[in-house]
Amino acid sequence: MANTSILDRSRTVAGPGYNRWLVPPAALAIHLAIGQAYAFSVFKKPMGALISGDPNAPAPTDWTPTQLGIIFSIAIVLLGLSAAVFGKWLERVGPRKAMLASALCFGGGFFIAALGVHLHNLWLVYFGYGFVGGIGLGIGYISPVSTLIKWFPDRRGVATGMAIMGFGGGAMIGSPLAVALMDRFKDVGPQGVAATFLVMGLLYLLFMQFGVWSIRVPADDWKPAGYVPPTEQSGLITTGNVTADNAIRTPQFWMLWVVLCMNVTAGIGVLESASPLIQEAFSEKALGPGRGVTAAAAAGFVGLLSLFNLLGRFFWSSASDKLGRKTTYAIYFGLGILLYALVPTLSAQGALVLFVVVMCVILTMYGGGFATIPAYLSDLFGKMQVGAIHGRLLTAWSTAGVLGPLIVNYLHTRAKEQNLEGAAAYQSVFYTMAGVLVVGLIANLLVRPVAARYFEKEATPQKVVA
């Protein structure tokens, strides 16, 4: 022990009597920080006016919305890729070293992006926030998950929900923080963006240290007081363990890949169109003078969706401990299909209150899908390398992060070319996303217990019950 680094996994093993409820705050410290990525859109207008100084009258050398949108896309793609690449490394070195790597990459990405803004070099911003910061996102996203599942084998859904709800709530902190800092530093540099990046990078780097140094892993023989592990495999909950390398050889892994990809693709479709849809469908022209939804009200609506995204991550993942993961995903898809198909009708009829309620319910299931998938993986493949398996599955998120916006933008542009306005311009978007959920529903229904040949021999399940 004397020769081991303070970052080694062995130095994070909790002693007897350690309170496992001290672990979730460490996970939240990481996810609340990296969840800032969902608030990146607050930088788009200021960064598009670094030369002109006026977002409404950009100069020819200002960055375009399309160029700036690529930054977020790079970050999400690198999230999935880095989670897949570094998942096995995380399981080997432990959460402390992984969390520190995440903090250095995520905070460092802001620093590099600040230099890119200062020099007006978009490629530096791509490299900083997108590439380096995206690696920090991926490592940070998966680093607490397997640890929490090991601490809460009796409440796997609750455990993953506690961590991943932080990612959904990160934007609720990051958005107002960024706006306040840009206003504070607006006289320091163009739009105050570069200085804001520097300060946010430092703040997040320091904030994430709480998670780095407070995280603990349970001893190999630890289990919660009164918890009796099942003696045989029942339904979709295994008593064995599958390695990450073997997991990707199973049909179950790829069924869940499709499940996550379809759920995220449809959810991003909502997020992409929520603000313009509510303004166009519920305009003064549709509802009458003085009754239309304003831009400020639409911004509040998007904030409300973010709140339900957060709440859904904890509610649905916790409910899945009672309902089962397969049943919970069947609800996501089955109810989701009906609600997505209902949105165009509510929009056309001007039913604003019902529209808002339906959209909020949809966002709870979007967030819940993220939080439930690690527990689903743990049920099917065991907890030994669930972090690495989860990391590889997150490539589905990277795919959906590109696929969802492409589908939405194509369908909406095509509708506009056909001279469709208001709610009519979004009908094809929501009907198509309902179809996407049908694909996810079928994939979920095809999930079966993992065949015994994929399990590690020393932990082969005693019995498989379909």
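**Exercise 1. Is Asp379 buried or exposed, and what is its relative accessible area?**

Solution. The model is predicted, and the values below are computed from it.

Step 1. The relative accessible area of Asp379 is 4%. Buried means under 20%, so Asp379 is buried.

Step 2. Asp379 meets the side chain of Arg156 in a salt bridge, at 3.4 Å from N to O. Arg156 belongs to helix H7 and Asp379 to helix H14, so the pair ties together parts that are 223 residues apart in sequence.

Step 3. Arg156 also counts as buried, at 11% relative accessibility.

Step 4. Arg156 and Asp379 are linked with Asp321 and Arg325 in a network of salt bridges.

**Exercise 2. Find the parts that the salt bridge between Asp245 and Arg392 ties together, and classify both residues by accessibility.**

Solution. Step 1. The closest N and O atoms of Asp245 and Arg392 are 3.0 Å apart. The cut-off for a salt bridge is 4 Å, so the pair qualifies.

Step 1. Asp245 lies in helix H9 (residues 244-247) and Arg392 in helix H15 (residues 386-393), so the bridge ties together parts that are 147 residues apart in sequence.

Step 2. Asp245 counts as partly exposed at 31% relative accessibility, whereas Arg392 counts as buried at 17%.

Step 3. Another salt bridge joins the side chains of Asp183 and Lys186, at 3.4 Å from N to O. Lys186 counts as partly exposed, with 47% relative accessibility. The count of salt bridges comes to nine.

**Exercise 3. Check the span of helix H7 against its number of residues, then locate its kink.**

Solution. Step 1. Helix H7 covers residues 156-184, which is 29 residues.

Step 1. At 1.5 Å a residue, helix H7 should span 42 Å.

Step 2. H7 has a kink of about 40°, centred on Gly168.

**Exercise 4. Describe the surroundings of Val358.**

Solution. Step 1. Val358 is in helix H14 (residues 352-381).

Step 1. Its relative accessible area is 8%, so Val358 is buried.

Step 2. Leaving out residues up to four places away in sequence, Val358 touches Leu339, Leu342, Val343 and Leu346.

Step 3. Gly336 is 22 residues from Val358 in sequence, with 9.6 Å between their C-alpha atoms.

**Exercise 5. Which residues form the nonpolar surface patch, and which helix gives the largest share?**

Solution. Step 1. The patch consists of Phe111, Leu198, Leu202 and Leu206, with about 350 Å² of accessible area together.

Step 1. Helix H8 (residues 193-214) gives the largest share, three residues.

Step 2. Leu202 is in helix H8. Leu202 is partly exposed, with a relative accessible area of 44%.

Step 3. An α-helix has 3.6 residues a turn, so residues three or four places apart point the same way.

How values were computed:
Residues are numbered from 1 along each chain as its sequence is written. This is a predicted model: local features need pLDDT of at least 70, side-chain atom pairs count only at pLDDT 80 or more; totals for chains, interfaces and linings use all residues. Side-chain values use heavy atoms; hydrogens and water are left out. Helices (H or I, at least four residues) and strands (E, at least two) are DSSP runs, numbered from the N terminus. The expected span of a helix is 1.5 Å times one less than its number of residues. The bend at a residue is the angle between axes fitted to the seven residues ending there and the seven starting there. Patches are made of residues with over 30% relative accessible area and no salt bridge: like charges are joined within 9 Å, nonpolar side chains (Val, Leu, Ile, Met, Phe, Trp, Tyr) within 5 Å. Accessible areas come from the Shrake-Rupley method with a 1.4 Å probe; for residues, only the protein chains shown count as cover. Buried means under 20% relative accessible area, exposed over 50%, partly exposed in between (1.4 Å probe, protein chains only). Contact means heavy atoms within 4.5 Å.
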